[in-house]
Amino acid sequence: MRHSSGGRSGWLAAAADQWRQPRAIKVGTTDQVSGLDPAGSYDAGSWSLYSNLYQSLLTFEPGSAVPVPDAASSCRFLGEKLRTYQCELREDLTFSNGDALTAQDVKYSFDRMRTVDVGDASSPKALFESLASVKASGNRITFTLRTGDATFPFKVATGAGAIVDHTEYSAKQLRTGDTVVASGPYVLKEYKAGVSARLEPNPSYKGALKKTGTPIEIRYYKEAEQLNAAWKAKQVDVSHRQMPPRGGAPPQTPVLKRRTG
């Protein structure tokens, strides 16, 4: 599964890469998912899910903080002022519902993310204050920036750059319900908000990831003590985020534990 930097999570990638076996890998986490629509969520838990369900033009490979093409075949700045960024879309991409993924969908996704009514939800559009416009022609997408922004490719590679099907996601409102239409390496087979998510490999995926591994079952825990109890009871194979500290000291970094036996 896909790695992340600056919001795209790598713990699911670690699970899939290191646990290749027939049964589903059970991942426990204290991350929470605020919503399934990438235009309305700006948090680590949601982006962890998006990075495996949705495609962006760019993504991060495991162990790397440098964006590489995913839905795009190539991306680059034009000129030295860093105000025009251009990508070529891969051929024959499809969404999980069978619809073709086109450059127009990419434009629609960025325009939608910057304008959709998110209500009380947090919006990722704050990342793209430098973006003036998006144009699509054939398989080419051109971003025009108000000011030079060398970090723009890194922003495109986050959950904020997720590509959605224009026929499935309203331009004015966030998508509701517990289903996702996307083109990432995994599809969402089942989702229970705050409880669990089941991801299965997407046979139609074409992108940076060459292998999609095995099914993943994510179990969400509100408290670190609950996650720790699940780990001790061998109810999860991989634990991520906060675990109760030893000796009462506060944890300094998120924890990723993988069962080895």
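**Reading the disulfide and the cores**

The structure holds 1 disulfide (a pair of cysteine sulfur atoms within 2.5 Å). This is a predicted model, in which local features need pLDDT of at least 70 and side-chain atom pairs count only at pLDDT 80 or more, while totals for chains, interfaces and linings use all residues. Residues are numbered from 1 along each chain as its sequence is written, and side-chain values use heavy atoms, leaving out hydrogens and water.

Q: Which cysteines form the disulfide, and how far apart are their sulfur atoms?
A: A disulfide is a covalent bond between the sulfur atoms of two cysteines. Here cysteine 75 and cysteine 87 are joined, with their sulfur atoms 2.1 Å apart. The link is right-handed, with 115° about the S-S bond. Cysteine 75 lies in strand β4 (residues 72–77) and cysteine 87 in strand β5 (residues 84–89); strands are DSSP runs of E, at least two residues, and helices are runs of H or I, at least four, numbered from the N terminus.

Q: Are cysteine 75 and cysteine 87 buried or exposed?
A: Both are buried, meaning under 20% relative accessible area, with exposed over 50% and partly exposed in between (1.4 Å probe, protein chains only).

Q: Which residues touch the most other members of the largest nonpolar core?
A: In soluble globular proteins, nonpolar side chains tend to be buried together. A nonpolar core is a set of buried Ala, Val, Leu, Ile, Met, Phe, Trp, Tyr and Cys residues joined through side-chain atoms within 4.5 Å. The largest has 57 residues, and Leu49, Tyr54, Leu57, Phe110, Phe128, Phe143 and Leu199 touch the most other members. Helix α3 (residues 103–115) gives the most to this core, with 5 residues.
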